[in-house]
Amino acid sequence: MVYLLSVGLLVPSLIGLAFVLPLIGIFVRNVKFFHAYASLASLYALATAAYNFHIVLSEGVKAYPFGGWWPPIGISYEIDEVNALIALLTTSVMFLITLYSAWYIKDLKSAPYYYTLLLGLEVGMLGCIYTGDAFNLFVMLEVMSISAYALVGFHRSKPEAVEAAIKYGLFGAVATTLYFIGLVFVYGSFGTLNMADLVNKVTFGISSASGTYYGQIHAATAVALALSLWAFTFKSAVFPNHFWLPDAHPEAPTPVSAALSGLVVNVGVYAIFRFLYTIFSPYSIVSELRDVMLLALLILGLASGFVGAFMMAVQDDIKRLLAYSTVSHIGLVLVGLSIGISIAAHPNTPAYVNGLSGALYHLINHSLGKSLLFLASGVVIFMAGNTRRLDEIGGVARRNPLLGFTIIVGVLQLLGVPPFGGFFSKYLLYSSYVEAGMPYVSVMINAISAISILGYVRLLYAALFKTPRTREVPKVNLTPLTVLLALAILCIATGVLSGSITEWLRWIVGRTASEQGIFNYWFYGYYLFWGR
Amino acid sequence: MSEVDTFMFNVFIFSMILNTAISLYGIFARPTLIKKIIALTIFSDTANVLAIAVGYRAWPTVERSPIPPVLTTSEPTASDLTSFLQTAVDPLPQALVLTAIVIGLAVTLFLVFLTLQVYRLYRTTDVRKISRLRG
């Protein structure tokens, strides 16, 4: 079969499932129904994403053209190993977050709208990840962003939440419009917005069904890349575009903070990967532009690593501390992603493969660890009587050993302590820059980890080691604790299985960010439909 | 291109750049949320006009204007197709702009609602006072 139906099916059907909810809310007056509905919907997303992942691993890259319009003409979704993996990560963490939401959202009035927005956020992320069309990426980025703005301001009677939402929304709209202007430049110079067709023209130089390229493509590509990378770094909160994150993420409802901090920031990183390693790859005719872009990303990544690590140490709000830790970790992921600078590593050298697989590995570790810590902080805040201040929490996690255990696992995961995945991914990043002959970057990665210890220790001390002031804490039921335990087990698994995961990620990087991977992306996304 | 065309084209490019600069200034520097939102709509409209301009087609001949990309004959001959290709405007930028306008409407509506909510909570839409209130 030329195309795979389940790739195209997931996003539209999940949109339908999400937006029918307010309508159902008129008729159904039982809050349990909405919990079950949302959990089943995200379980369906998880099952479909897992199926897609399985198919891609066994059969290779798959595409789906919508409405029977073949690639350069219509919108097509295309998955290779990397986006299938990130989609699987997104849907599995989202499933756990939806389960946790059943504990967090208790009143009937807000449940349908909350779940509409949460599923809308999941749809937006999946659309961004699966899409094989640069303009559809813009549309899906907006779907994701609008859901995220609305979720940040979900407690609309809370002044801080509304203020954070409007800050996020206003600047987010500017960022996506800049990406749109970038797309105008891409379309004006290449005459297409389909990613596989762009690969066709940029890498193979073949004129396609949409003609050839026009004008000065180097200048146009430079402008387009600069504008789109600005938008992507805004979405993934890289310094200096991180200013909205420490306001927006803590003010959102706790499950949403976990989704925003753990998953939404990944989308920007994935888009950067897709633009700089598939479309404008090292083999493309504009490859000399990549060095400037990647060097800028490397510097910004290190800067946001440092800024996040330093700012963590001075926070007195548990969720704000975790939000700054997100800035720091996304910086580290970007450092790994910028290994493709030609002074550092040529494609297929060990440094190149290690750097990219380290970035992917760190992305996974950070998503699991950060969503675990945010969800655990929700329980801690509840037990401490709705306070987020570190000095008022007063070691409530001691009253619940399981909660304490999961917090320790999450902190060690993010800190990068040997038996956990965070260590092995940081080690991969470290060793890749040593191999690439840029040891000062490796030293800075270590320094970032060392500085961030301060923040994590404050979190551990406040939540766990301080003597509790009261013996009486409210009882937490089993749902959130089960979710936390599942995430903790996943965190431990990333560490225990690090050897095989590393090998496997190297294999994935070898299949996607290489000459063969770009060929496959073009072949299955474009050539198979038109070439015959 | 004639000199008038070149002049008009330059005026267009200049006004696009000026619009972008003014609207970005409005978004980042004006204190009132409503004015920020107005500047945001100017910014996205500038982007939309830029996209439409990419689909611009100079008049093929003096007496024949560019036509909408619709074939009006049911059984086109080769000469019909040739003249169609020479005169039809690229429809894709217009489709992109339609999508972007709809999305922009949703974002603007959401931001206006949030501004209303800010006004209800703070009794002002001035961002300097809002962040001062928060302390």
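Where in chain B is the place of B:R123? In this predicted model, B:R123 sits in the loop that joins α4 and α5 of chain B. The predictor assigns the complex an ipTM of 0.92 and a pTM of 0.93. For chain B the mean pLDDT is 85, with 92% of its residues at 70 or more.

**Contact between chains A and B**

- The contact involves 27 residues of chain B and 24 residues of chain A.
- On the side of chain B that touches chain A, α2 (33–54), α4 (92–122) and α5 (127–134) each supply at least two residues.
- Of the helices of chain B, α4(B) gives the most to this side, with 15 residues.
- By type, the residues on this side of chain B are 21 nonpolar, four polar and two charged.

**Helix α4 of chain B**

- α4(B) is 31 residues in length and reaches 44 Å from its first C-alpha to its last, close to the 45 Å expected at 1.5 Å a residue.
- Its buried residues include B:P93, B:L96, B:V97, B:A100, B:I103 and B:G104.
- Further along α4(B), B:V107, B:L111, B:L114, B:T115 and B:V118 are also buried.
- An α-helix has 3.6 residues a turn, so residues three or four places apart point the same way.
- B:R123 follows α4(B).

**Nonpolar core**

- The largest nonpolar core holds 228 residues, and those touching the most other members are A:L14, A:L126, A:M144, A:V152, A:L183, A:V269 and A:V380.
- Helix α7 (residues 159–190) of chain A gives the most to this core, with 20 residues.
- Apart from its neighbours within four places in sequence, A:V380 is in contact with A:I318, A:I393, A:V396, A:A397 and A:A463.

**Helix α18 of chain A**

- Helix α18 (residues 439–465) of chain A has 27 residues, which at 1.5 Å a residue should span 39 Å; its end C-alpha atoms are 37 Å apart, so the two values agree.
- α18(A) bends by about 30 degrees at A:I453.
- Among the buried residues of α18(A) are A:V441, A:S442, A:M444, A:I445, A:I448 and A:S449.
- The buried residues of α18(A) also include A:S452, A:G455, A:Y456, A:L459, A:A462 and A:A463.
- A:A463, buried in α18(A), is also one of the contacts of A:V380.
- The cover over the buried residues of α18(A) includes α12 (287–313), α13 (318–337), α14 (350–383), α15 (390–393), α16 (401–415) and α17 (421–435) of chain A.

**Backbone details**

- Most residues other than glycine have a negative phi, and most peptide bonds are trans.
- A:A237 is not a glycine, yet its phi is positive, about 55 degrees.
- A:A237 lies in the loop between α9 and α10 of chain A.
- A:A237 counts as buried because it has 27 C-beta neighbours inside 10 Å.
- The loop between α9 (217–235) and α10 (245–251) of chain A also holds A:P240, and the peptide bond from A:F239 to A:P240 is cis, with omega near 0 degrees.
- B:R123 is not a glycine either, and has a positive phi of about 65 degrees.
- B:R123 has 9 other C-beta atoms within 10 Å and is therefore exposed.

How values were computed. Residues are numbered from 1 along each chain as its sequence is written. Chains are lettered from A and ligands numbered from 1 in the order in which they are written. This is a predicted model: local features need pLDDT of at least 70, side-chain atom pairs count only at pLDDT 80 or more; totals for chains, interfaces and linings use all residues. A nonpolar core is a set of buried Ala, Val, Leu, Ile, Met, Phe, Trp, Tyr and Cys residues joined through C-beta atoms within 7 Å. A residue is buried if 20 or more other C-beta atoms lie within 10 Å of its own, exposed if 12 or fewer, and partly exposed in between; C-beta atoms are placed from the backbone. Helices (H or I, at least four residues) and strands (E, at least two) are DSSP runs, numbered from the N terminus. Two residues are in contact if their C-beta atoms, placed from the backbone, lie within 7 Å. Ala, Val, Leu, Ile, Met, Phe, Trp, Tyr, Cys and Pro count as nonpolar, Asp, Glu, Lys and Arg as charged, and the others, Gly among them, as polar. The expected span of a helix is 1.5 Å times one less than its number of residues. pLDDT is the predictor's confidence in each residue, from 0 to 100. The bend at a residue is the angle between axes fitted to the seven residues ending there and the seven starting there.
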